[in-house]
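Let's take a guided walk through a protein model, going from the whole chain to a few of its residues. Have the sequence and the structure at hand as you read.

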Amino acid sequence: MQTPYYLIDKSRLLPNMEKIAWLRAESGAKCLLALKCFATWSVFDFMSDYMDGSTSSSLYEVRLGREKFPGETHAYSVAYADHEIVEVLAHSDKIIFNSIGQLTKFAAQSAGHIRGLRVNPGVSTSEFDLADPARPFSRLGEHDPDEIDAIADQITGLMFHNNCENDSFDRFDEMLTLIEDRFGKVIHKMDWISLGGGIHFTGADYPLDRFAARLKGFAERYGVQIYLEPGEAAISGAATLEVTVLDTMHNGKNLAIVDSSIEAHLLDLLIYREPAKIAPNTGDHAWMVCGKSCLAGDIFGEFRFDAPLKAGDRLSFQDTAGYTMVKKNWFNGVKMPSIAIRELDGSTRLVRDFDYDDFAAALS
């Protein structure tokens, strides 16, 4: 298969799905796939056997969830436009407003629909200001308990999304306690609560039993249905980006140029200045692996290999499912990676290829 391409491996996806299914059974929580992280719908039929539906951040995502992912479809957006609201409502089971202002603005259109409100609890686990939903002056959700309580009769649920790549149960537990202390009065008036995504509960050493017990206890204490919105927790480790070395150079370091681009194909790594992952990353030969775009900083990272790299060598970047395919772009006109799926029986099939016509169609 011609590189570059993303390879989604169902045998790597399955352990995450099994942990999600176990958590649902033990805690009573429902799990919705966060499409902002992963929206490759060719595996939605597989994932839907283990999850309860999808949640979105835009009109197009909620429509995709309704059309491609069986189960519940939750709609959320930082702000809905006037021309979007009717279609958003038509494609969703629940709509979550980001502000009391939007709830009020669309009160008539959403009457009779299941409605919720995003709440900003003022604490998060993010290590990056760029991604911190509780950063100063945040626009992500309402923060005043009294103001939220005043409109509690207009909604049936609340959404808290303040965990960001949080692999610590103790930190999750601590923040949930803070939420209870501050918003417990209004939580008691709700039918459902979403605790959002960013909780790395499918990680190898995560205390899943303690997590399940905490969720179950919370649900029983307040009489609510809990929702989780796993993104990376659902697809962590499930895909690779397959590339080929095109050229090698030496300029103080050994340089290998591949047929992919970090800015176009692994944009989150560039934004957060993190290296890609290669396994194993051992050996006597150190190489800087670089992208083929004209961006000077288009660099995947520095890695170690058992032998010197040469043109034609294949490399696999690990853990490339989340925030990759949903962010890929046409910078420099670099060919977008195809998308392939490896089935549980080991067979691989190409599900999407991108060509010049796709490039031209994205422009005008």
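Below, we begin with the overall build and then visit some details of the backbone and the surface.

**The overall build**

Keep in mind that this is a predicted model. The protein contains 13 helices and 16 strands. Its C-alpha trace extends over about 65 × 50 × 45 Å along the principal axes. How does the radius of gyration fit with a compact globule? For 364 residues, such a globule would have a value near 21 Å, and the protein has 22 Å, so the two agree. As for how much is hidden from the surface, 52% of the 364 residues count as buried.

Now let's look at the backbone. As a rule, most peptide bonds are trans. You can find Pro 280 in the loop that lies between helix H12 (267-271) and strand E12 (285-290).

**Two residues with positive phi**

Another backbone angle to look at is phi. Most residues other than glycine have a negative value. Glu 165 has a phi near 50°, which is positive although the residue is not a glycine. Asp 319 is not a glycine either, and its phi is positive at about 55°. The table puts their angles and places side by side.

| Residue | Phi | Loop between |
|---|---|---|
| Asp 319 | about 55° | strand E14 (314-318) and strand E15 (338-342) |

Are these residues buried or exposed? Glu 165 counts as exposed because its relative accessibility is 60%, and the cut-off for exposed is over 50%. Asp 319 has 27% relative accessibility, so it counts as partly exposed.

With a relative accessible area of 75%, Glu 127 is exposed.

Terms used. Residues are numbered from 1 along each chain as its sequence is written. This is a predicted model: local features need pLDDT of at least 70, side-chain atom pairs count only at pLDDT 80 or more; totals for chains, interfaces and linings use all residues. Side-chain values use heavy atoms; hydrogens and water are left out. Buried means under 20% relative accessible area, exposed over 50%, partly exposed in between (1.4 Å probe, protein chains only). Helices (H or I, at least four residues) and strands (E, at least two) are DSSP runs, numbered from the N terminus. The radius of gyration is taken over C-alpha atoms; the globule rule is 2.2 Å times the number of residues to the power 0.38.
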